[in-house]
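Welcome! Please have a look at the structure before reading on.

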Amino acid sequence: MIEELPRIVSEGRREAAQILERLSSGTQIGLQTNELVLPSKDVSGLFKGSTPQIPNAFNMAGGNGEWMNRLIYGDNLLAMQALLAGDAQTGLPSLRGKVDLIYIDPPFDSKADYRTPISLPFAEISQKPTVIEQFAYADTWEDGTISYLSMMFPRLLLMKELLKDNGALYVHIDWHVGHYLKVLLDDIFGKDNFRNEIVWYYPGREKVSDAKFQSKHDVILFYAVNKQTKINPITKAWDKDERIKMLRRKIYIDENGREWFWETRGQANGIEPYKRYLDEYVDKGGALNDVWDDIQFLRGNHPERTHYATQKPEALLERIIKASSNEGDLVCDFFGGSGTTAAVAERLGRRWITCDIGKPASLVMRKRFIDQEVKPFLYQSIGDYQKEAFRNNKRYKHVGDLSQVVLGLYGALPFTPEQTNDRNFGYIKGTRTLVMVDSPNRLTTAATIRKAVEAKASLLGGDWEKVIVLGWNFAFDISQAIQKYANSNVEVLVIPPDLLDKLAKKGYKKLIDDKSVRFSSLQYLVAKPLVVTPAGEQDEIDVELENYVLLSPDNIPLDDKDKEKLQQVLERDPLSLIEYWSIDPDYDGVTFRSTWQDYRENIENDNDPLHCVYKTRLRVAHKDHRQVCIKAVDVFGFESQVIEEV
């Protein structure tokens, strides 16, 4: 390990330098805005408010360029690159040197079970990480602690770039890798800027072992950017029973029921004992030290619990945020998990950005923020994930080269240069089936489908019976485009998102031989026709979901026994797979404004934690014409949407 540290540091510095150089060259990572979330969860089946009038998609009503908090789904290395570059689409300037506080709670243990339990009607299943998550975890722990530190080092460097000169970083860690990580942090921030090793001790049931002493604490490493970094004074409120034990005094009760004791200090100097009331003594509290033993670990039945495995208590984050930020400051968490950092930052009047690579975490956070009725926030993702993966691959330098590989893995043959100079097209031998491979550098959209249908009618004489489109990333309205061209015999399939990683690790020939690459169909949502009832100057719009079709259960990371359970749910109760759905009653075709939401575990409307409600009535200002957009996310994180004209 000691011998590997210089390599980890040099390679990490090189990677971070390349990222920063790329930003200055104009080649930047972008953030894709999936939703502008205006928290308004369903409580009665009727949305009684009016659609907020937002003059600009990313400016709040009455505001001008007002800050928007952000929940980002994706790799935090890419998210931080995007934040360092700035986001022109949403008016976000570069955040280089703009962040006041960063708290992170990165994974500790290579042996951790990253599965997500999912409760469905008639079935309990366990979802393995998505393919993107699987490769992230595999890369993180491939060579044990060495891989982990290699993953962390460039990320910590980018965090320092984001922090203000008086900013602070808190890294929550345990005994698995904490000591190694401190060595890297000393190198990045400077040994003199290490302020505290905070011990969070959590009491609980004691276990006897003949192998080691029981582990009963985590460590939080607190680093300052430089000497300008200060902390706000924090006092620890004394527990009454604990205070009485420390006093070792007899407690009396006066005629008003107040508890008191004899204060005997100073007797050696001739000061007589005097009566001191316990409530005054307890409330004064004491200065906080670096051992925090007054914050309990979250138990399974705690009201804060979101059923996220590594969730930390709000009291812990409240202490850190109060100590190292002030109202209006910007707080970031790039391993967002259950969203505790952002939830507490919101409550304390701070601005926030949180990020996680896990789809389950993103769902948990989005629901938690809506439950808390936070200010409107942006839900974003790394729009260029496959583009970035393609740019960083060392095997295929041109899109056409990669398209030829994808055609071969699908079982199609390429055309010769004499037949067509477009290397994204091929055909299945012995059939009249045309195959088109889209680029990893863009989204597959309705325009892509139209191009494929036109090629079916014209390419090499146009005598094609069917066209298959293989895509990497998809626009949210792709299912509508597929339905629009349903009579054109076009099929759209998903290229496995881990394909570039598999090609790098296994190679093309091995993938051909073991036939492990599967191309799956897209899921889609079906809504009933909208019912509009005029009501004076308003319209009442009834919105109801009819069906949800998950066409490719085989592409979901489940064990075989859970795939069988899922198939039964699909047959009996397909809408129960909807984890979250929302409505924009006045969709502008660009930005989805989520102005009504319902989700599983919202029991304020139907007392059923396993189902959403599937029907609601929106009361909105009358318009002669509007688009109503309905968006749904299933329990596995797949998204789909439907647009209805009114």
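Predicted model: local features only at pLDDT ≥ 70, side-chain atom pairs only at ≥ 80, totals over all residues.

We begin with the residue itself and then step back to the strands and the helix around it.

**Asp598 and its surroundings**
- Asp598 has a relative accessibility of 0%, so it counts as buried, the cut-off being under 20%.
- Beyond its neighbours within four places in sequence, Asp598 is in contact with Asp42, Tyr580, Trp581, Asn605, Cys612 and Val613.
- One of these residues, Val613, has its backbone nitrogen 2.6 Å from a polar atom of the Asp598 side chain.
- Tyr614 is 16 residues away from Asp598 along the chain, and the C-alpha atoms of the two are 8.7 Å apart.

**The sheet**
- Strand E32 is part of an open sheet of 4 strands, ordered E32-E30-E34-E35 with antiparallel pairing.
- E32 and E35 (639–645) are the edge strands; each has a single partner strand, so one side of each is left without a neighbour in the sheet.
- From one strand to the next, the twist averages 15 degrees.

**Strands E34 and E35**
- Strand E34 (residues 627–634) runs antiparallel to E35, and 7 bridges join them.
- Within E35, Glu639 stands opposite Val633.

**The helix on the sheet**
- Helix H10, made of residues 359–371, packs on the sheet and touches E30 (578–584), E32, E34 and E35.
- The direction of H10 makes an angle of about 55 degrees with that of E30.

Conventions
Residues numbered from 1 in each chain as written. Heavy atoms only, no water. Buried < 20%, exposed > 50% of the residue type's maximum accessible area, 1.4 Å probe, protein only. Contact = heavy atoms within 4.5 Å. Polar contact = N/O pair within 3.5 Å; in protein donor to acceptor, adjacent residues only side chain to side chain. Pairing = 2+ DSSP bridges. Helix = DSSP H or I, 4+ residues; strand = E, 2+ residues; numbered from the N terminus. Axes fitted to C-alpha atoms, helices over the stretch in contact; angles between N-to-C directions.
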